[in-house]
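Let's work through some exercises together. Keep the model open beside you and try each task before reading its solution.

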Amino acid sequence: MAPQTDLVNLFALDNSYARLAERFFSRVKPTSVAAPRLIRLNEKLAWQLGLAPDALVRPEGIEILSGNRVPENAEPIAMAYAGHQFGNFVPQLGDGRAILLGEIIDRDGRRRDIQLKGAGRTPYSRGGDGRAALGPVLREYLVSEAMAALGTPTTRALAAVTTGDTVWRESPLPGAIFVRVASSHIRVGTFQFFAARGDVDGIRILADHVIGRHYQHCAGVPNRYRALLDAIIKRQAELVAKWLLVGFIHGVMNTDNMSVAGETIDYGPCAFMDAYHPEMVYSSIDRKGRYAFGNQPRIAQWNLARLAETLLPLLAEDGNAAIKEAEASIEMFSAHFEAAYTAGLRGKLGLLQPHSHDLRLAQDLLDCMSANNADFTLTFRRLCDSAVNPESDDSLRSLFKDPNALDDWMKRWRHRLAEESVTANARRVAMRGANPLFIPRNHLVEEAIVAAVNNGDFQPFETLLAVISAPHEDQPEFGRHALPPRSEQIVTHTFCGT
Ligand code: AMP
Ligand code: MG
C-alpha cells in the first residue's frame, strides 16, 4: 500500500452518532495545547484503522492527535450521559474532558470511535478543567493494551501525547492527551440520560443505533429490545468473567463506566491483583469496597438492572409485562457469568472436558491462595509446569505462605487431570495460553509513571508496554517484570487522577 500523506484522507471519518439527534451530544472543538509531543503511537492499531502511521507521527499528524487541528470531515462532539456513581444517580454527566473526533470504518469493516481524552472543556465539564495528567494517560495506555493482549474486550490505545501545558491537581503535573479507540462510547449511563428525562423517543433511537452497531442479530426478532437487553447482558457477563480470570479490578464500575458494547472502558484507579484476595480493593475512592474484586459480577448485574429499567417502555406495552421481560432477562446474567467463568477456570486448570465438580475444585484452589497470600498470576502460571512435571511443584508451593497447604488439593487436581487423555505437551501449551506470565503489575505501572512524570524518562513505560504485549511468552530477559512486588514495592492504593 502506498503511504497516504493527505491528512484529510488519512482520517476518513464518518460520524453516525453525530447524525442521531442534537440532544444526544454537544458540538465542541478540542482546546488547543501549547506544544504537543508524541509519546507513542500504536502503529499496529493505526494500520488496522486504515491510518498511515508514517503520516501520524509527523507534526501535522501530532497536531490532530493533540486536538490542535481537526480533520476536515470531523464533527467533534462531547456525548451526553448520566450515571449511578457509587450507587447515587447523577442525571447529567457527559464527556467532561473527552471529545469524540468521529468514527472510522476499520480494515475489517468495523466501525470504531476515535476519541481524544483530555482535549479541553466541554458543556459537561462542570467544575473540571477538561484535561488529563500524564500519569493517568500512561496508566490507561498500559492497562488497556495489556487487556487487549490478554484477550479481554477493551477500548484501545491509539496514541498518547504530552501537551506542553501544566495541569493542576494536588500539584502541578505535565498535561497529556490519550487517543482512545472504542467500538463505541455508548454507556449504560447514556440510556439513563434519556430515561431520566422521560425521553422515550431518545431511548428508542439510541437502542436502534446500538442494535445496528453492535447487535445486528437482534434486528430481525419479534421483541428486538428484549433481544438487545439479553445480548448486552450476555456480553457483559462474559466480560466480567474474563476480568476475574486475569485478576483485574476495574475500580469504578459506575453505570457511566460500563460500555453497552461489552468492552472494558474508563481505566481509572484500576489494578491487577498480586496476591489473591476476593475482597481486594485498590481504588482510593472506593472506601466501602463496593467495587472489590469479588463484587464485580454482582455490581455488573446491578448496573444491567439499571439499563433494563431504561428499556421498560420498549419491552412491552403493558407495564407489568415489561417488568417481567426485564426481570427474566436480568436473571440470565448469573447463568451466563457462571458458564463463562467456569469454562475459563477449567482452561486455567488444564481441563478439557467439563465435569460437575470443576468449579468446586477451582474454588478450593482460590480459597487456598487467599488463605496463603499466594500470587494470583504466578500460581496459575506455575501450575502449567506442575501439570506435566511434579518436579516443578516446589516452585509452585513456594508461592504459598504454608507450602504444605496445597498438598491435598494437588492430589485431587492430578487425579482429575488423569481422567483426561491428552498429551502432556498439548496440555501445557493450552494452559500457558490460558495463564499469562506478565500482567501490568501495579508497582511496575507506578515505576513507569514516576519515571515519565518526574524525569521525562519514558523507557520504563516502553519496556513495560513491550513486555505486557506478549503476556503469555516467557521473555526471560524480563524476568523482573514477572515477579510480585517485594514488600516495600507493594502498591496499596491506585488513584483516578482526574
Ligand atoms: P470518570 O470518573 O473519569 O469516569 O469521570 C466521571 C465524570 O467526570 C465524567 O463525566 C467525566 O467527563 C468527568 N470528568 C472527569 N475528569 C474531568 C476533568 N478533568 N474535567 C472535566 N470533567 C471531568
Ligand atoms: Mg467515566
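A residue is called buried under 20% relative accessible area, exposed over 50%, and partly exposed in between (1.4 Å probe, protein chains only). This is a predicted model, where local features need pLDDT of at least 70 and side-chain atom pairs count only at pLDDT 80 or more, while totals for chains, interfaces and linings use all residues. Residues are numbered from 1 along each chain as its sequence is written, chains are lettered from A and ligands numbered from 1 in the order in which they are written, and side-chain values use heavy atoms, with hydrogens and water left out.

**Exercise 1.** Find the salt-bridge partner of Arg139 and say where the two residues lie.

*Solution.* Step one: a salt bridge needs a side-chain nitrogen of Lys or Arg within 4 Å of a carboxyl oxygen of Asp or Glu. Arg139 pairs this way with Glu446, with 3.5 Å between the closest N and O atoms. Step two: Arg139 sits in helix H5 (residues 134-149) and Glu446 in helix H16 (residues 442-455), so the bridge ties together parts 307 residues apart in sequence. Step three: Arg139 is buried at 7% relative accessibility, whereas Glu446 is partly exposed at 29%.

**Exercise 2.** Which residues coordinate the magnesium ion (ligand 2)?

*Solution.* Start with the donors, meaning N, O and S atoms within 2.8 Å of the metal (3.2 Å for Na, K and Ca); water is not among the atoms, so sites may look incomplete. Asn257 (OD1) and Asp266 (OD) coordinate the ion at 2.0 to 2.1 Å. Next, check burial: both Asn257 and Asp266 are buried.

Technical notes: Helix = DSSP H or I, 4+ residues; strand = E, 2+ residues; numbered from the N terminus.
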